[in-house]
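Keep the view open as you read.

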Amino acid sequence: MTIKINLNADMAEGFGAYHIGDDDGILKIIGSANIACGFHAGDPLTMRQVVADAKRAGVSVGAHPGFNDLWGFGRRRIDMRPDDLENMIAYQIGALQALASYSGVKVTHLKPHGALNNMSAENYDYALAIGRAIKAVDDSIIYLALSGSEMEKAGRSLGLKVALEGFCDRQYEEDGNLTSRKIPGSVIKDPAVATKQVVDMVVNNTITTRTGKQIPCKVHSLCVHGDEPTAVALAKSVREGLEKAGVKLVPLTEMALD
């Protein structure tokens, strides 16, 4: 049986006159786009344009909500009440749905950004708040969650569709969480290193952690951070490596989720 995998990227993360990442280049490689929704990055014009471009490229579209933190690009941890977080997530989903409607595109998945993603992977109350927002706005939206995280548990407890995510360009700790960006080397910039990590994750169902320990994993989707200067070269190498290993790349909506 042919192994299928989804390749996703965080996109539309410019703001106003500032452009971040090569969205056009990434769209030629990936199957699903995570669109910034205006809180950590993104604005209405950028969101609408990237959604339209994604449609032309045959790439599925998802929401990429984050903390209200433009200065910190959503990578600063913010403590807030879960009910406030739930409303904040619903607000961002709605914003993307409105702009996606101009292109007749449905928002089909959601992936939290940056610090929100990291905190929700560890904090069940945060993970549940995100899930409740998804369920209230559109319960057909796929909750894209770090494999083995509190987000996975919360999504399943709410009866949502859950896709398990791995990362092409990040190191892992032995507990399955991502290595902090404060630690040198936590972001993988070498396409060859990223490709080996990804093929191991998809074909062998294992991750080699920062300490060299192998841990089991199951993934439906793999993320490339579009804001990194190495993103396009890394994503291209990863895709070629997976295809060489006999893996078929598809949009997230075509993955069998179990």
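Of the contacts in the chain with a separation of 6 or more, 73% join residues 24 or more positions apart; contact here means heavy atoms within 4.5 Å. You are looking at a predicted model, in which local features need pLDDT of at least 70 and side-chain atom pairs count only at pLDDT 80 or more, while totals for chains, interfaces and linings use all residues. Residues are numbered from 1 along each chain as its sequence is written, and side-chain values use heavy atoms, leaving out hydrogens and water.

The chain has eight helices and 10 strands, taken as DSSP runs numbered from the N terminus (helices are H or I with at least four residues, strands E with at least two). Its radius of gyration is 17 Å, close to the 18 Å that the globule rule gives for 258 residues, so the chain is as compact as a globular protein of that length. That radius is taken over C-alpha atoms, and the rule is 2.2 Å times the number of residues to the power 0.38. Buried residues make up 57% of the 258 (buried is under 20% relative accessible area, exposed over 50%, partly exposed in between, with a 1.4 Å probe and protein chains only).

Now for the pockets. On a 1 Å grid over the protein atoms alone, a pocket is an open set of points where a 1.4 Å probe fits, with protein on both sides within 12 Å along at least five of seven lines; lining residues have an atom within 4 Å of a point. The largest pocket holds about 460 Å³ of space, a volume being the space filled by probe spheres set on the points, which are joined across faces, edges and corners. Its lining counts 24 residues, with Arg 77, Gly 114, Ala 115, Asn 118 and Arg 181 nearest the centre. Helix α4 (residues 114-122) gives the most to this lining, six residues. The second largest pocket has a volume of about 330 Å³. Among the 14 residues lining that second pocket, Ile 3, Lys 4, Val 219, His 220 and Met 255 are closest to its centre.

Finally, look at the backbone. Most residues other than glycine have a negative phi. Phe 73, though not a glycine, has a positive phi of about 55°. You will find Phe 73 in the loop between β3 (60-64) and α3 (82-100), buried at 13% relative accessible area. Asn 205 also has a positive phi, near 55°, and sits in the loop between α7 (191-204) and β7 (206-208). At 39% relative accessibility, Asn 205 is partly exposed.
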